[in-house]
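Subject: Handover of a structure and notes on its content

Dear colleague,

I am passing on to you the structure shown below. Please look through it first and then read the notes that follow.

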Amino acid sequence: MKTDNKEIVMPDYDAIVIGAGNGGLTASAALAQAGKKVLLLEKHNIPGGCGTSFRRGRFEFEVALHQLSGMGSGEKPGPLRHILKKLEVEDKVDWVEMDKLYRVVLPGRLDVTIPAEKEAAIKYLEERFPEEKEQFRKFYDFVYKYIIESFTVSRTPAVQVEREKFPLYFKYNLKSSQEVMDEFFKDPLIHLSLNVYWSFMGLPPSKLPFDILAGNIFIYLEFKPYHLRGGSQVMSTALTETVLKYGGDIKFNCGAERIIVEDGAVRGVVTEHGDEFTAPCIISNISPVRTYVDMIAQSLVPDEAIYNMGNSKVSVSAFTIFIGLDCEPGELGFKESMNLFYALQDVNDSFAASRRLDTDEDGFIVSCYTLDDPHFSPPGTSQVVVVCLKYGEPWMELPPELYHETKYRCADTLLRRVEEQFPGFREHIEEMEVATPLTHMRYLRHPNGAVYGFDQDLKDTGIFMQKKSPVQGLYFASGWVEVNGFQPTLTAGYTTARRVLKKMNGEGK
Amino acid sequence: MKEYVKLIDGYDDVNKEVEISRRYGKDYRSEKGRTQRIIDLYHPDFIDFTVSEIIKESVTAKTFRLVPKSGYLPPFQAGQYINVYGEVQGVCTSRPYSISSSPRQRAYYDITVARIENGFFSNYLLDDVKRGDSIRTSAPSGSFYYNPLFHGKSSVFIAGGSGITPFMSMIREICDAGLDRDITLLYGNRTTASILFHDELDDLAYRYPDFKYIPVIAEPPMGYKGVRGFISASCIENCVDDVRDCTYYLCGPEAMYDYCMPELEGMNIPRKRIRKEMFSTSTDVTKAEGWPQSLTGSEEFTVKVKGKKDVKARSGETLLASLERAGITVPVNCRCGECSLCRVKLVSGKVFTPRGVLLREADVKFGYIHSCKAYPLEDLEIIL
């Protein structure tokens, strides 16, 4: 309807979502499904953010997903399955359940593979570490009890939350993983066997909140690690199907350039192509750094937003080698899909290597996807991804002329370490691509190529995290304001959409 | 923040740390534009060039020397290409060209353009672009390059016609920088007149014993002393010392791949030892494997583009070209089915996708196509 009165011009959309990463996708899908008019803007030509894939030769490489948490089976659905079912994705994807959590190796000293079932895990560890045998059941029971308390706290009215009811929560919520592990175990090799999820979160146990480690241990044991056929790209694209089905608009190759703010509230977005779209609600699935610093005129950004970010440190990025082998996994001795190799027995020490270019001391993951799903690469081949966590700074300081040779040198070191574990490995390489922190920066447009948002240490997670924006109508949904990983970010988008819907329907604030 | 939070053990310490690091922590306003600036050092959205020189390479080919207006050139790996944008006869389009200059010099990129039959974009470059003109291109990309981690020291370059260009970049780099590599170049041409860079290659082979240059001429002049015919298995075996120990790189017209691939397979060269550049030159798609017999290539269909006007498209032409002709800009880079930039959603209708297009599993599953290598077989409905 045409009108000359500017005051009552209807906005183009109910909500604009910036970025089609996990959080942006679930937020858009949930809003569209609720009948809201949604515009999803994505700078890249495909959806997914980290949840994506790329082709080389006859291989399609999974970029980021190693093990999806929170799915659970059809009979025992986990929290993520509920969300994906609601968003009409569950049936569009073939899910693959894994029966092992992971294998950890410190050459010559440790080689353990933990089953993805609580009792079996306890039994396995008791046999492997008889000296501290009695501790394992205590530890796992403690983790479960802690997580149940922590979950219950989040569902209990604040006035009813008391130390007497939730003793573990009050004692351990602000402890580091290292502190808690030290209470239970002496042998550093046990620590190595149990603190693996530091690598999914991008912080060493001395900094990683126990709350997050416990959450990972619980969720992967209870609901098993999952993979999906075709990789995370299938899930990402399936989510866009839901957005489109319910009338949402998606623009690829169309990044948001500017957020229009008037009177302390968002009014819309200007795209990189100069098109303007209006909406009273904007959900940012990109970094708060870019959102506040690059997209909103400085004079319109509340000081509070910048001040609060001062507490946050941009997280680690990754150095990743994507490899297609011309043989089956068994031929090279692959037995487990998820392997973590160390050079040092203390993760806190080996994490220090993440500040350097060289890859000689880092702990690194070798994921062989083809083991769990033979369809993951063509018959007679394997797909393997080797990854270690690396901060972006040394790469950002590198003169561009030295980029390619540095990339190959660092990859060569890592490949030599892989070759020690799987002799003959290099001979079978048919396709390969190396991604550095700068590659992640290019595709994600995150500061420092960060893959885990802001560092989620004790002072910047859970209760201290800044989720709410002082700009009215601006919301965040991503690993920058939530715990990281696929399940948390997919969930974040969904819950943000629910919050927005409540507000739109006049229920919340 | 909820009140009970303050009663969690350790709250006061952590809270103090939060307050201190907010007060003295990073002011992220200092990051303004930084991420983009770093990305632009490697992968700017486009590069604006001045044509500083046009060098005649043969009767039909010219090298365009491109000097960046900003003074800065992103690094690239020898073998990579840039996509050159231009407006030809009112149509905004583009073509990818391999960079033929060495990545070791940072002043310019050279692209070498040969005239092709019924060429559209190449004619524009060869006939209309003058020294001093401005040209816009993409940043370098592509995955046809030497990977020192697994390709091995010995390489056999198999080039056909203007497919020599990525190899020129590689050979120039290897010779100029004295890299420890053994190279045999088998360069196929129909006649000696179409050989590009002959004198330079001859000179490099003379000066660098680890570089062997062997032109292979299909229709040589009377009394020609060099190698004749095509680049066959026996030709390769005659020219290369240890055929099993080499990695083979192919770049040339489709007919060359059709001929050389079975030859290499016949020699039992494993797949991982053969690297092929995707080649975008438009050959007659109706002769491609799997093309439906009922269509001639000249049928006209209507393409409904969501939110835009309807477009007429011929079955024998890529959807991308039809969209461009109708004035609809589709982001694109490789134009040969590899990079996925031109991906669009096919809502209804059928397209023909030739062999070798690198679609993702999710794209196949949910009906996305690469418009640069999709030929309409009926009326279509798409979302850009």
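The notes below describe what was found.

The model is a predicted one.

**Chain A as a whole**

Chain A contains 18 helices and 19 strands. Along the principal axes, its C-alpha atoms fill a box of roughly 80 × 60 × 45 Å. The radius of gyration of chain A is 23 Å, which agrees with the value near 23 Å that a compact globule of 509 residues would have. Of the 509 residues in chain A, 58% are buried. Among the contacts in chain A with a separation of 6 or more, 72% are between residues 24 or more positions apart.

**Domains of chain A**

The chain is divided into three parts. Domain 1 of chain A is made up of 6-94 + 231-312 + 456-504, domain 2 covers 114-223, and domain 3 covers 316-444. The centres of domain 1 and domain 2 of chain A, taken over C-alpha atoms, are separated by 30 Å. Domain 1 of chain A gives 14 residues to the contact between these two domains, and domain 2 of chain A gives 13 residues. On the side of domain 1 of chain A that touches domain 2 of chain A, there are three nonpolar, ten polar and one charged residues.

**Two hairpins in chain A**

Strands β10 (residues 256-262) and β11 (residues 265-271) of chain A are paired in the antiparallel sense, over six bridges. Within this pairing, Ala256(A) has Thr271(A) in β11(A) as its bridge partner. The hairpin of β10(A) and β11(A) has two residues between the strands, and Asp263(A) takes a positive phi near 50° there.

Strand β11(A) also runs antiparallel to strand β12 (residues 276-278) of chain A, to which three bridges join it. Opposite Val269(A) stands Phe277(A) in β12(A). In the hairpin of β11(A) and β12(A), four residues lie between the strands, and Gly274(A) has a positive phi near 90°.

As a general point, the side chains in a regular strand alternate between the two faces of the sheet.

**One residue in detail: Thr413(A)**

Thr413(A) is found in helix α16 (residues 403-421) of chain A. Leaving aside residues up to four places away in sequence, Thr413(A) touches Asp358(A), Thr359(A) and Asp360(A). Ile463(A) is 50 residues from Thr413(A) along the chain, and the C-alpha atoms of Thr413(A) and Ile463(A) are separated by 40 Å.

**Domains of chain B**

For chain B, the domain assignment gives domain 1 (41-137), domain 2 (154-276) and domain 3 (285-383). Between the centres of domain 1 and domain 2 of chain B, taken over C-alpha atoms, there are 24 Å. In the contact between them, 15 residues of domain 1 of chain B meet 15 residues of domain 2 of chain B. The side of domain 1 of chain B that touches domain 2 of chain B has six nonpolar, seven polar and two charged residues.

**A five-stranded sheet in chain B**

Chain B has an open sheet of five strands with mixed pairing, in the order β14-β13-β19-β15-β17. Why is one side of β14 (311-314) and of β17 (368-370) of chain B left without a neighbour in the sheet? These two strands stand at the edges and each has a single partner strand, so one side of each has no neighbour there. From one strand to the next, the twist averages 40°.

Strand β13 (residues 300-305) of chain B and β14(B) run antiparallel and are joined by four bridges. Thr302(B) stands opposite Lys312(B) in β14(B).

**The contact between the chains**

Chain B contributes 50 residues to the contact, and chain A contributes 54 residues. On the side of chain B that touches chain A, the elements giving two or more residues are α1 (11-24), α2 (34-42) and α9 (361-366) of chain B. The largest share of that side comes from α1(B), with six residues. By class, the side of chain B that touches chain A consists of 24 nonpolar, ten polar and 16 charged residues.

Yours sincerely

Definitions and conventions
Residues numbered from 1 in each chain as written. Chains lettered and ligands numbered in written order. Predicted model: local features only at pLDDT ≥ 70, side-chain atom pairs only at ≥ 80, totals over all residues. Pairing = 2+ DSSP bridges. Axes fitted to C-alpha atoms, helices over the stretch in contact; angles between N-to-C directions. Contact = placed C-beta atoms within 7 Å. Nonpolar A, V, L, I, M, F, W, Y, C, P; charged D, E, K, R; others polar. Rg over C-alpha atoms; globule rule 2.2 N^0.38 Å. Buried ≥ 20, exposed ≤ 12 C-beta atoms within 10 Å, placed from the backbone. Domains from an automatic or database assignment.
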